[in-house]
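Colleague: I would like to learn how to read strands and overall shape from a model. Can we work through one together?

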Amino acid sequence: MFTSAGVVLALLSAAPWVQGPAVPTADPEAAAVVTQVLGGAQHPGLRWSAIGDVTRELWPLYDAEPDRLFWFDGSRPLPSVEGAVLAVSRAHEFGLDPADYDASALQVRWAAITAGRSTSTERAQFDLALSVAGARLVRAVHIGRVDPARIRWKYEGPRKPLDPTALLQEARQGRGLGDLLRSLEPPFSHYVRARATLSIYRALAESGEPAPVPLLPATRKKIVPGEEWDGVAPLVARLQAVGDVVSDGPAVETRYTGAVVDAVKRFQARHGLEPDGVLGAATLRAINVPLATRVRQIELAMERMRWLPDLRDRPSIFVNVANFRLWATEPHARETPLRMKVVVGQALNHQTPLFVERLEYIVFRPYWNPPRSILVNEILPKARRDAGYLARNGFEIVASGADDAPALPTSSENLDKVQQGRLTLRQRPGPTNSLGLAKFIFPNDENVYMHGTPSRGGFAKSRRDLSHGCVRLEDPAALAEWILHESPGWTRARIEAAMNGTRPSRVTLPEPMTVVLFYDTVHVSREGVVHFMEDIYGHDALLDAALKQGYPYPSTPR
């Protein structure tokens, strides 16, 4: 007996063993919650309930799900949910606050779901909350939360690529949110060391704050080695807490001497203070900074590092303005090829701007054309009071900025024309020139550059915000040698000959090099030494205030 083809097809279509998996249908109650929350860009259960910063990325995820839930298959949670909830609770490992991503509430809701005590509405709200946390976290870890342009950092140019929609799909499908976040962290060794230091200082803060060291009475300005002082015991306790005293040693006495003085010198060197072992107001103030404040400094430093472009594939120059230091970096180099001290702009009214630019050329034995503010407020008043001031300091009046422009007489009439902008004042090249024997040009709106200096005393100071905004270099010849080491013929001897020649000479780089003017009050050296600096420009305070505003953080259109 033969069965007709139509009957066979009907039987096969009804056979359970040949059917595909059932496609979950949308729960009307859950679907309504999803539409309401995403449509109104408001989630009632979140700390930062306005979610307009992530709805554009979340809509495609939820529209693609037949049941309108991203982390569930119908009422059944997907295997990746538990790991995602755990990853949100560990946001502190990235220098972030888990409360900003509703970590505790997610854990409570997840426990109710696994216990079978959740309604459709609660599942939908949990699903959306986890997605909001995930989308905000991938952006926070990869590019930061605050747009640097909002706090006067000129980090312009293309943003690092980021697709939260695709990344959340990747996290759900098996990679896991925690592993995904770790892959998005900045690749810089400074960040890696800061992250490790964060866990150490957070553990120190959680273990209990040592008692503060007593401040000095008004009648006593300082404690010098060898003196008696009843603050030695609390001083030792705080130094032990941060590792500057490496062993307990004998019973602590009241005389400030020996190993305690050595520990104070180590502390001072790590905190941008003169390492003289003298306990003055500045040293005691730094010693008494709460450990929780140090934790926050590290978190702020990690936030700023996320703003940086990925420079792993090219040599670059970094200047940490707050630390008064320059580093050269090379791809895949195990050691820092060059580092040196720098002098930066005065904190009060000549701050060095912060930006990323491209170094295009070097000028050896340069002229100096003073900025108009210095010209009008400082040089011209001195020249009018002292007829020999200009000649004595190597200045000359010229009609143009050309190197071969002839010098004009230093007359009252010509000084008036300089004041009016009709003539130019410049300083002749040479060892006493304010730019030293080399300047490094990365064109920018602020007219800031790096240069040498005849004034060497500033490099001996621990705090080096002494310039009008430009960056003075401790060893410009060494920087030029590193920059030009792949340019044929530019040996150290040729560089020094150009610096000590008879006229200016310009060397254009075959390929521009990235220069990053940066600001961090925390630096962890390759040797693991943790340095904390004073917030001389107030950028830590500004960033901290911006972060406390919470989500959604405004951004500047690019």
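Colleague: In which sense do β9 and strand β10 pair, and over how many bridges?

Modeller: Keep in mind that this is a predicted model. Two strands count as paired if there are at least two bridges between them. Here β9 and β10 (residues 450-451) run antiparallel, with 2 bridges. Within that pair, K439 faces H451 of β10.

Colleague: Which way do the residues of β9 point, and are they buried or exposed?

Modeller: β9 spans residues 438-441. A438 and F440 point one way. K439 and I441 point the other way. All of them are buried, the lysine included. Buried means under 20% relative accessible area.

Colleague: Now the whole chain. How many helices and strands are there?

Modeller: The protein chain has 19 helices and 15 strands. Its radius of gyration is 31 Å, well over the 24 Å from the globule rule for 558 residues, so the chain is more spread out than a compact globule. The C-alpha trace spans about 120 × 70 × 45 Å along its principal axes.

Colleague: What share of the residues is buried?

Modeller: Buried residues are 48% of the 558. For contacts, take pairs with a separation of 6 or more: 69% of these link residues 24 or more positions apart.

Colleague: And how many charged side chains are there?

Modeller: There are 65 positive and 62 negative ones, and the centres of the two sets lie 5 Å apart.

Technical notes: Residues are numbered from 1 along each chain as its sequence is written. This is a predicted model: local features need pLDDT of at least 70, side-chain atom pairs count only at pLDDT 80 or more; totals for chains, interfaces and linings use all residues. Side-chain values use heavy atoms; hydrogens and water are left out. Buried means under 20% relative accessible area, exposed over 50%, partly exposed in between (1.4 Å probe, protein chains only). Helices (H or I, at least four residues) and strands (E, at least two) are DSSP runs, numbered from the N terminus. The radius of gyration is taken over C-alpha atoms; the globule rule is 2.2 Å times the number of residues to the power 0.38. Contact means heavy atoms within 4.5 Å. Lys and Arg count as positive and Asp and Glu as negative; His and the chain ends are not counted. The place of a charge is taken as NZ of Lys, CZ of Arg, CG of Asp or CD of Glu.
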